[in-house]
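These are my notebook entries on a single structure, written down in the order in which I looked things up. I began with the strands, then went on to helices, domains, the ligand and a few backbone details.

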Amino acid sequence: MKSILIIGAGVIGLSIAYELSKIKKFKIIVIEKSNSFGSGNSLKNSQVIHSGVYYKKNSLKNNLCLKGKKLIYEFCKKYKIKYSKTGKLFLACSKKEESYLKILKKNALKNGVKDVRIINQKELNQMEPFLKGNKALLSPSAGIFDVKAFVKKLFQISKRNKVNFYFKVDNLNIRKINSKFQINLKKKELFDYVINCAGMDAIEIARRNFTNYKFPKNKYVKGVYFKTRENLKLKKIVYRAMVPGDTKERIDITPLLDGGYILGPSVEKKHFNNKKKLKYKFINGIKNHLKSINEKKIFYFKEGIRPKIMFNKINSNEDFYIKKIKDNNWINLFGIESPGLTSALSIAKYVKRMI
Ligand SMILES: Cc1cc2nc3c(=O)[nH]c(=O)nc-3n(C[C@H](O)[C@H](O)[C@H](O)COP(=O)(O)OP(=O)(O)OC[C@H]3O[C@@H](n4cnc5c(N)ncnc54)[C@H](O)[C@@H]3O)c2cc1C
């Protein structure tokens with residue numbers, strides 16, 4: 001029986017453990033540095049099931065998001081995880097933004113998201129009477145889901161399938177012995193495969209173990225959320241229209257399953273300490289396309305860090321990096337930013353095919 005070490009119990013490590021443990025062909029151990037699963041970025045996001053409108057054609061993000069979206073909805077139905085296929089609107093409030101809608105639609109169709117359509121102001125008003133805009137691109141297959149329940153279910157099924165979890169394990173000394181990897185847990189354990197999905201620490205772990213190998217660099221970008229409990233009477237997720245690939249800051253509005261809305265994430269390159277000032281960035285980002293909003297009901301909510309990567313100083317790499325180290329049964333997952341959550345189950349299948 002082959003043995004597999006998974007580093008990191010985020011949504012990606014848990015999905016891989018779940019997927020591989022279904023075949024009952026492997027001995028699987030997951031190590032996690034904190035005292036619980038899902039404590040990294042996996043619960044610090046928008047909880048959106050992305051439809052795949054704006055990724056680059058044939059990128060891993062495009063392919064895995066589309067497959068992952070289908071798998072997440074099926075998983076939620078099967079295991080009674082709360083979700084809602086709300087749909088998403090890309091809202092155009094100016095002539096310029098209206099021109100973006102056509103580009104977005106073309107990109108979506110090219111990517112295999114066939115159900116998108118541009119809606120005019122009349123239909124927009126009927127659909128979302130509390131939104132102000134000229135037109136929008138509707139993407140009906142986007143949605144929201146209960147990520148906490150999702151990661152818990154992945155953990156429970158993996159445990160039932162005999163995956164062993166070790167928490168509070170960090171700074172491991174992993175030794176290569178011939179083609180295997182040895183680590184000291186309660187006793188010395190040998191592994192045929194290592195899957196490094198330690199989120200923001202993944203590059204550092206790879207670098208520590210493969211000193212002569214060239215890896216991308218981290219380029220973390222913080223994303224902050226504010227929240228409102230006010231009933232904005234919006235049913236859909238609302239993004240401003242954009243050009244695919246253009247990473248300009250927007251303030252998205254996403255309904256929460258238990259009421260209220262999350263606003264953001266913002267793009268914070270530096271540390272921020274003035275939450276009041278930041279709040280106004282959020283308000284300014286949304287107030288022009290809402291008929292009304294009570295600013296007093298908006299408060300700071302949470303923040304996550306996008307584990308972006310770059311190969312050189314100028315260009316950041318916009319795709320997921322999922323690669324095996326040449327001549328080694330060691331797989332690295334770097335740059336698993338959005339739509340990593342949507343893609344989690346398809347990433348797991350992708351990794352399974354690599355083994
Ligand atoms: C602001 C923001 C918004 C987002 N919104 C969305 C969205 O709406 N939809 C979507 O599809 N995606 C979204 N994403 C992306 C999604 O959250 C990530 O792709 C996903 O959480 C990545 O999961 P992960 O398991 O790779 O990382 P993590 O959740 O960070 O897990 C990595 C784990 O590895 C552990 N670890 C680290 N070092 C070690 C070590 N040395 N030993 C053992 N364990 C270690 C960590 O403690 C952690 O538990 C968003 C991301 C951000 C930041």
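**Entry 1: a parallel pair, and the sheet around it**

I started with strand β1 (residues 2-7) and strand β13 (residues 193-196), which pair in the parallel sense over four bridges. I note at the outset that this is a predicted model. Within the pair I looked up L5, and I find that V194 of β13 stands opposite this residue.

I then asked which helix packs on the sheet here, and which strands it touches. The helix is α6 (residues 202-209), and I find it touching β1, β13 and β21, with a direction that makes about 145° with that of β21.

Next I traced the sheet as a whole: it is open, has six strands in the order β9-β2-β1-β13-β21-β20, and its pairing is mixed. I wanted to know which strands stand at its edges. They are β9 (164-166) and β20, and because each has a single partner strand, one side of each is left without a neighbour in the sheet. From one strand to the next, I record an average twist of 15°.

**Entry 2: the three-stranded sheet**

I found another open sheet, made of three strands in the order β3-β8-β4 with antiparallel pairing. Its edges are β3 (48-49) and β4 (83-84); each of these has a single partner strand, so one side of each is left without a neighbour in the sheet. I checked the pairing of β3 with β8 (residues 143-145), which is antiparallel and runs over two bridges, and I noted G143 of β8 as the bridge partner of I49.

**Entry 3: α1 against α5**

Two packed helices are described by the angle between their axes and the distance between the axes. For α1 and α5 (residues 147-160), I record axes that come within 9 Å and cross at roughly 35°, and the crossing is left-handed. I listed the residues that make the contact: V11, L14, S15, A17, Y18 and S21 from α1, with V151, L154, F155, I157 and S158 from α5.

**Entry 4: domains and ligand**

From the domain assignment I took domain 1 (2-44 + 148-217 + 312-354) and domain 2 (88-140 + 221-306). Their centres, taken over C-alpha atoms, are separated by 32 Å. I asked how many residues of domain 1 are in contact with domain 2. There are four, and they meet five residues of domain 2; on the domain 1 side I find one nonpolar, one polar and two charged residues.

Turning to the ligand, I find 40 residues around it, the closest being G8, G10, G40, G199 and G340. By class, this shell has 16 nonpolar, 18 polar and six charged residues. I also noted that α1 (11-22), β18 (298-310) and α8 (340-354) each supply at least two residues of the shell. Both domain 1 and domain 2 give residues to the shell around the ligand, so the ligand lies between them.

**Entry 5: backbone exceptions**

Most residues other than glycine have a negative phi, and most peptide bonds are trans. I therefore looked for departures from this pattern. I find a cis peptide bond joining G264 and P265, with omega about 10°, and I placed P265 in the loop between β17 (261-263) and α7 (275-286). A cis peptide bond also joins S338 and P339, where omega is about 10°, and P339 lies in the loop between β21 and α8. Finally, I looked up K24, a residue other than glycine whose phi is positive, near 55°, and I find this residue in the loop between α1 and β2 (26-31).

Technical notes:
Residues are numbered from 1 along each chain as its sequence is written. This is a predicted model: local features need pLDDT of at least 70, side-chain atom pairs count only at pLDDT 80 or more; totals for chains, interfaces and linings use all residues. Two strands pair if DSSP finds at least two bridges between them. Domain bounds come from an automatic or database domain assignment. Two residues are in contact if their C-beta atoms, placed from the backbone, lie within 7 Å. Ala, Val, Leu, Ile, Met, Phe, Trp, Tyr, Cys and Pro count as nonpolar, Asp, Glu, Lys and Arg as charged, and the others, Gly among them, as polar. A residue is near a molecule or strand if its C-beta atom, placed from the backbone, lies within 6 Å of it. Axes are lines fitted to C-alpha atoms, for helices over the stretch in contact, and angles run from 0 to 180 degrees between N-to-C directions. A crossing is left-handed if the near helix is turned anticlockwise from the far one by less than a right angle, and right-handed if clockwise.
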